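Please look over the structure shown here before reading on.

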Amino acid sequence: MTTTTTQAIVKDDKGQELDKPSIWVACLSAYNSGYLHGAWIVPKTTKEELLEQIQEVLKGSPVGDPEEWAIHDYNNFPNLGEYPDLEKVCEVQRAFEEYEPSIVHGYLSNFCDWDAGSLKEDIDEAFVGTFDNFREYADQTADETMEIPDHIAGYFDYEGFAYDLAMDYWTAEAPGYQEHIYRSI
């Protein structure tokens with residue numbers, strides 16, 4: 001099998017490679033003819049622009065007139081399958097522009113299916129922040145929402161409060177051994 005690929009390497013202002021969420025778009029005509037042709041792309045945020053990116057990948061195909069494509073790999077991007085709804089790919093990319101990838105991945109680890117057009121708003125509603133652990137969030141919530149006089153604070157059951165509060169929330173791993181906290185919606 002002959003391989004022709006291009007990879008979009010994204011670098012920061014210091015020249016360091018970034019682990020940008022990206023997808024591997026493969027040309028199926030080339031694949032069926034014994035070639036591995038495709039490219040890593042950082043998806044655009046509109047379906048029309050994403051289709052243009054896909055057409056650019058297909059233009060370089062070693063076989064004539066390619067039309068079919070598939071997404072064969074994901075890098076730091078949720079796996080939406082080989083033939084995903086392109087609106088959902090764009091929607092995930094728009095969410096990455098608003099939130100760091102681990103927040104989006106954390107949300108999608110609990111809600112793997114969502115209605116097109118609602119992902120960013122759903123994350124806005126659910127995501128409450130990043131903490132060292134859930135107990136830190138619960139303690140902060142108790143301190144900010146309840147006025148507990150100093151002479152009673154020693155009797156307040158922070159552990160029990162955290163336990164009860166956790167029934168309405170869920171967590172996902174975050175970088176630096178922290179946790180993203182989300183409200184159940």
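## Basis of the description

This is a predicted model, in which local features need pLDDT of at least 70 and side-chain atom pairs count only at pLDDT 80 or more, while totals for chains, interfaces and linings use all residues. Residues are numbered from 1 along each chain as its sequence is written, and side-chain values use heavy atoms, with hydrogens and water left out.

## Helix α6

Helices (H or I, at least four residues) and strands (E, at least two) are DSSP runs, numbered from the N terminus.

Phe134, Tyr137, Ala138, Thr141 and Ala142 are the buried residues of α6, where buried means under 20% relative accessible area with a 1.4 Å probe and protein chains only. They lie on the same side of α6, because they cover an arc of only 135° around the axis, as judged by the directions from the helix axis to the C-beta atoms.

## Aromatic rings

Rings of Phe, Tyr and Trp (its six-membered ring) pair if their centres lie within 6.5 Å, and planes over 60 degrees apart count as edge-to-face, under 30 as stacked and the rest as tilted. The count comes to 14 aromatic pairs. The centres of Tyr99 and Phe127 are 6.1 Å apart and their planes stand at 75°, so this pair is edge-to-face.

Tyr99, in the loop between α3 (86–98) and α4 (101–110), and Phe127, in strand β5, are 28 residues apart, and their pair links distant parts of the chain. Tyr99 counts as buried at 13% relative accessibility, and Phe127 counts as buried at 18%.

Notes. Buried means under 20% relative accessible area, exposed over 50%, partly exposed in between (1.4 Å probe, protein chains only).
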